[in-house]
Amino acid sequence: MGQAAVVNDDALVVRVQDFVKRYRKRTAVEGVSLAIRRGEIYGLIGPDGAGKSSLMKAVAGVLAFEGGYIEIFGQTIDSEAAAERVKGRLGFMPQGLGLNLYPELSVEENIDFFAELREVPKAELQARKLRLLAMTRLEKFRDRAMKQLSGGMKQKLGLVCTLIHEPELIILDEPTTGVDPVSRRDFWAILTQLLRERGVTALVSTAYLDEAERFARMALLHGGRVLAEGTPEAILDEAPGSLVEFVAAPQMEALARLRARFANVEAVGGRIRVFVPDGQAQAALAEVRAQLDGLAVELATASIPSLEDAFIALLQRQRGENEEAPMVAGLKEDPPVGDGVAIEARGLVRDFDHFRAVDQVSFTVRQGEIFGLLGANGAGKTTVIKMLTGILPPTGGAGAVAGADMRHAGQAIKERIGYVSQAFSLYQDMTVRENLRLFARIYGVSRQNLDARIGRVVELARLGKVCNEIVGRLPMGIRQRLALASALVHGPRVLFLDEPTSGVDPIGRRRFWEILVHLARVEQVAILLTTHYMSEAEHCDHLALMYAGKVIADDTPQALKDALVREAGQVLDIAAEPVLPALEALEQTGLADAALFGRRIHVLAHDVTAATVRIRGILEGKGIRVEDIAPRAPTLEDVFVWRILERERAEVAR
Amino acid sequence: MNLRRILAVSYKEWREIVRDRLFLTLAFVVPAALMLVFGFGLTLDVEHLPFAVVDHDKSAASRDYLHRYIDSRYFDYRGDLESERDIARLLAASRIRLAIVIPPRFGERLAQGRAVAVQTLIDGTFPFRTSSSKGYVVAINSAYNGELLARYISDRMGVTLDAAMTMAQPVKVEMRYMFNQEIRSTWSIASVLVMFVLMITPPFLTALGVVREKENGSIYNIYASTVTRGEFLIGKLAPYVGISLLNFLILWLLATHLFGAPFKGDPLFFALASIIFVSCTTGIGLLVSLFVRTQVAAMMLTVVVTIVPSVLYSGLLVPIASMDPMGQFEAHLFPAMYYADIVLGSFLKGVGLDVLWGKALALALYAAVLWTASFLLFHKRPKA
């Protein structure tokens, strides 16, 4: 095979056929087939429990399986001995940020261990180490113990360790989960560069659907089966339709009407998104307008749906359902009490030993508002929540929750709020109803009110069908709704949610959000939640971006995006072939923030016309065919990345 | 076998152990601490039993009789009681372990040559102590009886008291204690504790060390790499064997210098046998680690498989010979017993390879079986 055309080389590196993996009696993966070509980045996308890790471990030869067939570099992996034969050409990074590294060892010692284990020749090791450390910008931290690195640095070190023996195929299990968006971009840039330089093939899994555009081809996994496979375009084609977005008033009325007609409707902040199957843009718009006759509809647009929409549509088609009745509106008992301030944080500070986990955090959440704290693992989100809920005393600053002072009225706060923790503190061996009764009693709901309260939250969280089931046997999405119901059973006016949707599938996430929107809009509950899903942050009315313990931006999602466009310019979406040389050409001519998104390149530019002309000139000058250059609405990820880089630049300047 | 990969694994492991303060403490402080705690605390000699008396006679004879208890080092006299009613209360409160009741007219009846019953109440909650106490009481009492008899003979036959003694007790027991002349239990305990600590700590360290990698997920580095099973196991365990040998030296010094136990045997043989034993117990830890997933489970399982045999089936508390056949069989299944024999033989008896080779061989066999089983059970491509 010619080395020049690595990317287009059709030689198969991995072939998986009817793969089955069982853990005792539970089937984790059922009949998955896929093929990975030399030099491509292949994605496995799906929620927790979809079977991604099992499949990746089996491909890496570190997990035996029960059925089917796996072939790597033409070697059938059917025994431990067979797996050993290809391990020299593989690199595997298991799930969990830095968990496979050795916390007590320094960055360099970690790398050296992997190199020694893989018998990298001493002469080459030095050069490779230098190159990889430079690429990941870890040179400065060579002697630092791994346990003292940030999440993004751990992940990059993990990548260096996986690459030190120059494998031909790397298998990375959720490398970007819980990492801040800048590190994520960095990570993708490094991976792309490697692919370009060495023709490395990569199998990468992710739980973020918005990362799907980074892959050349991918498989959407759900419940151990492949829902769709191929290029992003091919997957979108499997669930044809249009996405209609608009602002309508009153929002709840519009949602109720649309849900009667369409399976896939959601409120994202002030906007409503509807997936109209099989519709061309204009037809879809007309169909939606017809449903909303008599309501004020503004800013309606129709566009190509996202992969997440396609995923949900495919899942719904597979299940053949829209099983649950639409949300019953108007559940409220007592009318909401105005729109006063529900949560207020003023200059919150929290130190752990010599480490400042939260630094001068201030924000305000009003009654009926959904407020999002957005940031990577370790940015200080959970610490903020713990201080506001009275679990953790602050080192400095003040705060009030539901009218009670955080420092003196811990007990009063706990009675007035609902709290859903990261781990959903449910009792696994009890039924849904028993859990709800327990939480109701703990929060002091009186006996007379008990049944009425439970009935109300069961209806709200749509748990009617599973009331008498044991919690441990329920799927993640239902457990998450139960955790929410348990936090609501005493009728709190303020709700705290700590990463409530981690690991839940997109349909589950969407249902969960329907409930949250109802709570905020109809019942005027104030909701504060944390998340590291950028796409989820779009649902919030108001956002605070947290980075290294500080709030670096605080506004509505739209205002944040507008500010980005004002300060940094528009996002230009470039489609060019071949894409990798195109990226290189742009980087060389000073467009340093050019980033690869799947087969497309993104660049920030103030003057769209001038930039378009300039880019076209650069690319065509190199003999690269430009298919399209168009401005695109920025995402929150673009905003977050820009804000963090801006802060870093300011620190360097100082 | 590739030496470079083995060294890589060992070196990594060693540095992790040295830099992890908690683990380092566990590795070096805990074994010595166990030795000290048990060495000073676990004495099997029953002495200084607190006791009280109720003397209804208060004659010269009763005082003479009681002084035999009061003056003995096995008993601690805690005073006279007014009546028997107080005894129960003091026994229940563990203030005394034993009470002696002298009936009225004790001296008078003895002088008349009539039998007298002296009531003795003993705390029976702890059988080992009870039977020792009973032994002491019976011995003191029979010595007193012998004396009475001798005095009677001397009075009636007009011989000296010494001659009368010989006539009253014609057969005498001539006793000589071998190996531990002063039958000091600290000597034997200090030496057996070397076995006890080496039986418990290496499996703990090893099991924690291996399971820690499993729990963290760093074991996947090993699974996914080209290092072979054997290379990994040797490399991973070498530091633990090393640490345990260092501990062995520390324990040996503590036993001989702090507890004053004599070492009469062949140091070279003892060192070699100890290396075999440490490989054996490290192997136990390795085997345990292959069956569990979490460090907590590893600790629990290690406690069960190490402490039970080392306390119950090593001869530490109960001699193997006095166990029932089932117990003896079980004792032979565990390595603790063999090494306990080697330790006692080397420390106190001064014997070496010529006598103890069988035990050393049993340990070597044991180690070989453990390591082979671990090798066969360890997979780089597990089912779950």
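Leaving aside its neighbours within four places in sequence, with which residues is A:Ala216 in contact? Counting contact as heavy atoms within 4.5 Å, A:Ala216 touches A:Glu40, A:Ile41, A:Thr231 and A:Pro232. The residue sits in the loop between strand S8 (201-206) and strand S9 (217-222) of chain A, where helices (H or I, at least four residues) and strands (E, at least two) are DSSP runs numbered from the N terminus. From A:Ala216 to A:Pro394 there are 178 residues in sequence and 47 Å in space, C-alpha to C-alpha.

The structure is a predicted model, in which local features need pLDDT of at least 70 and side-chain atom pairs count only at pLDDT 80 or more, while totals for chains, interfaces and linings use all residues. Residues are numbered from 1 along each chain as its sequence is written, chains are lettered from A and ligands numbered from 1 in the order in which they are written, and side-chain values use heavy atoms, with hydrogens and water left out.

**The interface of chain A and chain B**

The contact draws on 35 residues from chain A and 29 residues from chain B. Between them the two chains bury about 3000 Å², with 52% of it on carbon and sulfur atoms; buried area here is the accessible area (1.4 Å probe) that two parts lose on being put together, summed over both. On the side of chain A, the residues that lose the most area to chain B are A:Glu80, A:Glu104 and A:Leu117, which together make up 21% of what that side buries.

The rule finds 17 residue pairs in polar contact across this interface, both residues being at pLDDT 80 or more. A polar contact is a pair of N or O atoms within 3.5 Å; within protein, one must be able to donate a hydrogen and the other to accept it, and residues adjacent in sequence count only if both atoms are side-chain atoms. Strand S1 (12-23), helix H2 (80-87) and helix H3 (107-117) of chain A each supply at least two residues of the side that touches chain B, and H3(A) gives the most, with six residues. By class, this side of chain A has 18 nonpolar, five polar and twelve charged residues, where Ala, Val, Leu, Ile, Met, Phe, Trp, Tyr, Cys and Pro count as nonpolar, Asp, Glu, Lys and Arg as charged, and the others, Gly among them, as polar.

Side chains of opposite charge can pair when their charged atoms come close. A:Glu116 forms a salt bridge with B:Arg4, and because A:Glu116 lies in helix H3 of chain A and B:Arg4 in helix H1 (residues 3-19) of chain B, the pair joins two chains. The table gives the distances for two salt bridges.

| Residue in chain A | Residue in chain B | N to O distance |
|---|---|---|
| A:Glu84 | B:Lys380 | 2.9 Å |
| A:Glu116 | B:Arg4 | 3.0 Å |

**A sheet in chain A**

Chain A has an open sheet of six strands in the order S20-S21-S22-S17-S23-S24, with mixed pairing; two strands pair if DSSP finds at least two bridges between them. Strand S20 (417-420) and strand S24 (550-555) of chain A stand at the edges, each with a single partner strand, so one side of each is left without a neighbour in the sheet. S20(A) and strand S21 (residues 494-498) of chain A run parallel and are joined by four bridges, with A:Val420 having A:Leu497 as its bridge partner in S21(A).

S23(A) and S24(A) run antiparallel with five bridges, and A:Met546 has A:Val551 as its bridge partner in S24(A). These two strands form a hairpin with two residues between them, and A:Ala548 in the turn has a positive phi of about 50°.

**A sheet in chain B**

Strand S1 (residues 49-55) of chain B pairs with S2(B) in the parallel sense over four bridges, and B:Phe51 stands opposite B:Tyr77 in S2(B).

Methods. A salt bridge is a side-chain nitrogen of Lys or Arg within 4 Å of a carboxyl oxygen of Asp or Glu.
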